[in-house]
Amino acid sequence: MSSVDKKPTDELHDKEARFWDLQEERIDDLYARPHDWRFIPKIADKVIKPKIRYLQRLISRHKKEIGSILDIGCGNGWFCHACAEAGIRAYGVDISPKKVETAQRIAEEKGIADLCHFEAKDVMEVELPEKVDMLSAHGSLHHFPDLENQLPEMVERFLSPDGYMLFVEPHHEGMPPNIQDFIFKAASSKLFGRFFDKEFYLEVTGRSSLDEPEPEAPTEGDFNIRGESPAGLEFLGEEPDMGKILKDRYTIIEEKYFHYASGHLTNAFYVYQKSKLTRGLWRLLLPWIIWWDDRRCDKAEYNKYAEEGLWFLKR
Ligand SMILES: C[S@@+](CC[C@H](N)C(=O)[O-])C[C@H]1O[C@@H](n2cnc3c(N)ncnc32)[C@H](O)[C@@H]1O
């Protein structure tokens, strides 16, 4: 196909694949200078514990009905690996060849490659040898700007008639207002402010001062691999309500929310902290913060601000 024949979606897919390839190539740099708790494994393992436990319980409750899954936008394949380790056949599709290479390598290292089948493609272009019992996506559905049409097509093409869907996606953008106030006050205070790495925070958020609102994310030019991907920017730019998109079409079996404040607070009191003492104290406090946060996430008045939503659905 010549560049003249290329559809806008092809161009977006090319950009999306390049973005995630680049992120995978630079993944060691992101871990070496983390800008978010997700890039500090010993912290991330703690913050995501409630979610991982919830996922494990959900899968084990439905294990008899789930023999195979398709993970949409599988990234480095962690969810496929976890399913394969539970004896489930896992198909993982990702538009980034570098991510798929990593997913395949890890499956081989873990000795589960026989249960994992990875493919580097736009998921809409994939042919599967069977219909699966569950469609899953973890942080990937919001990379489909035409999700309202594409999701029903994925369901029709890939999911068995009695199949399940398990989606974990961004829910609320930004911090809950009271948590934002608290963090900004602490960062500007004399006592705590001197330990807060303001320069790095401003560099990552693209501001020149803490009072400035967060700038519009760039939609063109060089990629910001610490930010949202090209397709994600297109989807999130329209302020979609993922829960509504899913609930309008399918039957909710369970829904749960994660990270009301634990992620934002951990960024402020650990990631952007210059003082080893404060970081040490935060690590000690973290199990309690996570426990408190998880309870907040069960209440509607708080979970409307949660960073992530999990929806377990049936057709
Ligand atoms: C936020 S990452 C999530 C990766 C993984 N699910 C995880 O939990 O780490 C989104 C992933 O979706 C993939 N993706 C975006 N658009 C896609 C498409 N059209 N088809 C397949 N994968 C896609 C990206 O390459 C990226 O790896």
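This report covers the salt bridges, the cysteines and a surface patch of a predicted model.

## Salt bridges across the chain

Side chains of opposite charge can pair when their charged atoms come close. In this model the count comes to 18 salt bridges.

One of them joins glutamate 24 and lysine 99. Their closest N and O atoms are 2.7 Å apart. Glutamate 24 lies in helix α1 (residues 8-25), and lysine 99 lies in helix α6 (residues 97-110). The two residues are 75 residues apart in sequence, so the pair ties together separate parts of the chain. Both ends are buried. Glutamate 24 has 14% relative accessibility, and lysine 99 has 7%.

## Partly exposed pairs

Glutamate 148 forms a salt bridge with arginine 249. Here the closest N and O atoms are 3.3 Å apart. This pair also links distant parts of the chain, 101 residues apart. Glutamate 148 belongs to helix α7 (residues 147-158), while arginine 249 belongs to helix α12 (residues 242-249). Glutamate 148 is partly exposed, at 44% relative accessible area. Arginine 249 is partly exposed too, at 33%.

Glutamate 255 pairs with lysine 247. The closest N and O atoms of this salt bridge are 3.1 Å apart. Glutamate 255 counts as partly exposed, with 32% relative accessibility. Lysine 247 is partly exposed as well, with 40%.

## A salt-bridge network

Salt bridges can also join into a network. Asp36, Arg38 and Glu307 are linked in this way.

## Cysteines without a disulfide

A disulfide is a covalent bond between the sulfur atoms of two cysteines. The structure holds zero disulfides.

Seen from cysteine 80, the closest cysteine sulfur is the one in cysteine 74. Both cysteines are buried: cysteine 74 has a relative accessible area of 4%, and cysteine 80 has 0%.

## A nonpolar patch on the surface

Three leucines form a nonpolar patch on the surface: Leu277, Leu281 and Leu284. Together they have about 350 Å² of accessible area.

Leucine 281 lies in helix α14, which covers residues 276-296. Is leucine 281 buried or partly exposed? At 48% relative accessibility, leucine 281 counts as partly exposed.

Methods:
Residues numbered from 1 in each chain as written. Predicted model: local features only at pLDDT ≥ 70, side-chain atom pairs only at ≥ 80, totals over all residues. Heavy atoms only, no water. Patch = residues over 30% accessible without salt bridge, like charges linked within 9 Å, V, L, I, M, F, W, Y side chains within 5 Å. Areas by Shrake-Rupley, 256 points an atom, 1.4 Å probe, with all protein chains shown as cover. Salt bridge = Lys/Arg side-chain N within 4 Å of Asp/Glu carboxyl O. Helix = DSSP H or I, 4+ residues; strand = E, 2+ residues; numbered from the N terminus. Buried < 20%, exposed > 50% of the residue type's maximum accessible area, 1.4 Å probe, protein only. Disulfide = S-S within 2.5 Å.
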